[in-house]
Amino acid sequence: MDNGKTFWLPEKASTFTSIVDPAFDLYLWISVFFFGLIVILITVFTFKYLRRRPDQLATAQITHNLTLELSWTIIPLIIVMALFFVGMKGFLHMRVAPSGYMQVNVKGQKWSWSFEYPAGAVNDTLVVPVNTPVKLAMTSRDVIHSFYIPAFRAKADVLPNRWNAIWFQATRTGVFPVECTQYCGTNHSYMWTAVKVVEPEVYQEWLANASDPGKGKTPEQFGALLYQKRGCNACHSIDGSKGVGPSWKGLYGRQETTNVGMVMVDEAYLKESMMVPTAKIVTGFQPVMPVFQGVLSEREIAALMAYIKSLK
Amino acid sequence: MIAHVHDNINYLKTKKGIMSWLVTVDHKRIGMMYLASILLFFITGGTFAFLFRLELWSPLKDFLTPDQYNQFFTLHGVIMVFLVVVPGIPAALGNFIVPIQIGAKDLAFPKLNLTSLYLYWIGAAVALWSIVAGHADQGWTMYAPYSLSQNPAVLWMMVAAFILGFSSILTGLNFIVTMHTMRAPGMTWYRMPLFLWAMYATGIMQIFATPVLAITLILLLMENFFGIGIFDPALGGDPLLMQHFFWFYSHPAVYIIVVPGFGITSELIAAFAKKDIFGYRFVAYSSVAIAIIGFIVWGHHMFVAGQSELADTIFSFLTFFTAVPSAIKVFNWTATLYKGSIDLKTPMLYALQFLWNFTIGGLTGIILAILSVDIHLHDTYFIVSHFHYVAMGSTMIAFIGGIHYWWPKMTGKMYNESVGKLASIIVFVGFNVTFFVQLIMGSLGSPRRYYHYWDQFQIYHQISTVGVFILAIGLFTALINLIVSLWTGATAPANPWGAKTLEWQTDSPPPLYNFTETPVVTHGPYAFETEKA
Amino acid sequence: MATVTGLPEHHVAHHFDSAEQEFDSAKTGMWLFMASEIMMFGALFVGALLFHTLHHGGFAEGSAHLDWRFGAVNTFFLLTAGLTMGLAVVSAQAGEQGKVRMNLILSLVFAAGFLVVKSLEYAQKFEHGTLPGRLWHAHHGFSDPFAHVFFGLYFVMTGLHAVHVLVGMGLMIFALVRSSRVQFSRSYFTPIEMVAIYWALVDLVWVFLFPLLYLIR
């Protein structure tokens, strides 16, 4: 089976290859053209104008030609501007996950990866269904790592105390290597795992059977439970009414006005609000929220986020 | 007439003894001491690379542990960046040549020049001490929080880089002032050789960029010692801020590294084609343009680090503008060869190699500005290859070419030309065998700084290691050829290459005050004649 | 050559062609050096402004714990020293060696005054425990967990600035020594001019530091 590997690029297994690979190939040919042109000209000139007598001088001192100089300024400029647009367009597509994605949270630490699934399953390889957009929200437990799936052309750094996100859509089943690509110490080059892409039915079956820390709920259900069990309901409503804190209805994805300016309510903001509640206070509310750092487990935070996101 | 005529003799002979060298303020002696030091550190840094490339022969352990491998690539990077290629051409060749090319008796601040040299030696000593003091393995890029481990070796390395930074700033300052105030009568800005324009552009970057590195290092040290909470996320800090500070210096730094190479290439091509550089003003301005644009593109090292899409897009857009001045230079140098009288002497072979390597280095740099493609290529061997093509294949090659070009002037001796040519060819082959395959390895997905790798990459690693052997042989041949000439070389005439810049209008080696009469400049630096029809 | 004070005239260093070239070089060099210093402190200011936005609460708290009166006195000291340095330049150009020395000594006194006030401030911080990072042991008055970041930056910025004040004092002493070795005049007043330019930078940095750390909330 042809996995799409070429001389320069590895096997193809995601939709991103149809963005990255053509851009790479286009650039490769532009480079070959210009490199070839320069090398041929230099070689031809060197041999044609080689000094044959020790006192031989140049045949002409041509010091400028405005047409030529403007041409080789403007033409490269046009080419690189075109390359910029190609790159930007592809990049924005690769950065912004389409709606309907499935999310997995990724934790990196020296020197392993762990993947946390919606139903509470935690795994050391990333299992995903084929032809489905998958978003990875990633954070590190210690130093900066980087999550790289060469076959998917996907990569992002993974930082402590921050969540970076990438998404991808696998186009065929198989097992594809995942590597850490930001130096992180002794076993940096052993910090690898794999993405296992399977048919959707196989994925569902796997997910159902995967180890589950006793809850057996969807993340939204678990989050709803926590909403009551952890006392969030004391200050935050879910029907839009204002309490001691902002209502969770329609919260996620909203632009909020805070005491430090406008913020987008995304995973990073939600987590910060739980860990350091006084960092950004929504206008019209007091800085009275208790700190949940050390109180909520990562799984519980993820469940709450899923619950908040579901409250449209 | 120059005063003190009685001691205006061959600068190597004016005073004798080690002390006369250690307290000299003569820019020529200072340049030679820098040259010797830099070559020594080049060999040291190269040895670390040689050893870890041997380790990479197989994917499993050959003779280094993962920790040792990590320390070796760190030391290789720190030594090569801070002790070799950043000071490199300006300190070793610039110090010697700039005053003479400008027609002056010395730099504007000779004592400051000696201070720069001592700062360099002290910084180097501290850097070497850090090798003994512990196991620094954080890479030359020292990203936080990994570099916040309070490892003493890492801390000494930061102190070393701080000291070396001041050496760099003072050298740049000295060159810029010299070019403003000490040009010989008749030497207008547009009659200055392009090597001087390149040194000027480099000086701007040294003065404006290096202080930011100083602050980055101070803050890293404070974070290590006191945990002030600026970079360490556990303490409320932002690791991305460290990257911004670091690259704000380190991107201009890579132009500090390569722009002097541009200057040398102009000199070599003009001299060995007996031609005025095509588009002199474009070439001069493009060095300055690169220096300025180089300050606003640092974020292209951080496309996947977690900055906003807007920041990524802006940095990508601006980065493409650095391509144009570089492209202009390559086209201008190529056009200079047209209808010239080309002599393939050793320095010219290095200049032509520079064109080959820099074209590849530049092209592989521009592809990284393409955002979608950079996501795939970032932090792979593709990057490693790109920066070696520019820092080594361009800068070091130009440096070695410049050493050969000015060797007769600096030492009064001619090296063996045949051996020089041979060494140059071996270096060319060795360099490209080592680094071209790394482009392929990288685009196939092999991460950098990897001790262990997948089996399918072994063939590329082995080719690369073989290349390193060839490269080493070429470099040592060149070095030995030069050193032997000090004893057995023919006496050099004042102008062995028939070049037109001012340094060739005085003796080889020059007298203490560079000229016996203050030169008066009446034409441009490359005013070669043409064949009678 | 005999001069009014009997001090020898300055001899142009012999790698220069003229006194004018020597002075132009010194001045150009000094301004370039100042540019590099501005880049250095500028980087710190950028960092401070960023953290002011990121940890606004902590910064406001930290800033409130600084006594602006100390800062105001220090501003007065530095700017006055700047004035006396300017007067020293004028005196040097006029060849008034005695006045040059007097102005240099006054500048030294005010600079020393700055350092005394700074030491008092630092001592107070030690007492209150508002020290950077791991050394923090402030017991009361701080509710924001990031107030210590403010103090970390406070010490780095004012510390670096204080080092520059100390160096400036060293330069003033050097200029004092020069003033007893060589005659200043309209055609040679370089050392005083250079120290004055350096001191202008010290003042400039402080003029931004003071509002940033002490005044804005």
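**View 1. Strands E2 and E3 of chain A pair in the antiparallel sense.** In this predicted model, strand E2 (residues 112–116) of chain A and E3(A) are joined over 2 bridges. Look for Glu116(A), which stands opposite Val122(A) in E3(A).

**View 2. Chain A is divided into three stretches, domain 1 (17–95), domain 2 (102–209) and domain 3 (219–310).** For a sense of spacing, follow domain 1 of chain A to domain 2 of chain A: their C-alpha centres lie 40 Å apart.

**View 3. Chain B meets chain A in a contact that takes 71 residues from chain B and 72 residues from chain A.** Several helices of chain B each supply at least two residues of the side that touches chain A, among them helix H3 (66–85), helix H8 (239–273), helix H11 (346–369) and helix H14 (417–443). The one to find is H10(B), which gives the most to this side of chain B, with 14 residues. Sorted by class, the side of chain B that touches chain A holds 41 nonpolar, 18 polar and 12 charged residues.

**View 4. Helix H7 (residues 194–226) of chain B and H8(B) cross at roughly 165 degrees.** Their axes come within 8 Å. At an angle over 145 degrees, H7(B) and H8(B) are therefore roughly antiparallel to each other. The crossing of the two helices is left-handed. Where H7(B) touches H8(B), the contact has 23 nonpolar, 6 polar and 1 charged residues.

**View 5. Lys274(B) has a positive phi, near 50 degrees, although Lys274(B) is a residue other than glycine.** You will find Lys274(B) in the loop between H8 and H9 of chain B.

**View 6. A cis peptide bond joins Ala144(B) and Pro145(B).** Omega is about 0 degrees here. Pro145(B) has its place in the loop between helix H5 (110–133) and helix H6 (152–181) of chain B.

**View 7. The peptide bond from Ser508(B) to Pro509(B) is cis.** Omega is near -10 degrees for this bond. To locate Pro509(B), go to the segment after strand E2 (490–491) of chain B.

Conventions
Residues are numbered from 1 along each chain as its sequence is written. Chains are lettered from A and ligands numbered from 1 in the order in which they are written. This is a predicted model: local features need pLDDT of at least 70, side-chain atom pairs count only at pLDDT 80 or more; totals for chains, interfaces and linings use all residues. Domain bounds come from an automatic or database domain assignment. Two residues are in contact if their C-beta atoms, placed from the backbone, lie within 7 Å. Helices (H or I, at least four residues) and strands (E, at least two) are DSSP runs, numbered from the N terminus. Ala, Val, Leu, Ile, Met, Phe, Trp, Tyr, Cys and Pro count as nonpolar, Asp, Glu, Lys and Arg as charged, and the others, Gly among them, as polar. Axes are lines fitted to C-alpha atoms, for helices over the stretch in contact, and angles run from 0 to 180 degrees between N-to-C directions. Angles under 35 degrees count as roughly parallel, over 145 as roughly antiparallel, 65 to 115 as roughly perpendicular and the rest as oblique. A crossing is left-handed if the near helix is turned anticlockwise from the far one by less than a right angle, and right-handed if clockwise. Two strands pair if DSSP finds at least two bridges between them.
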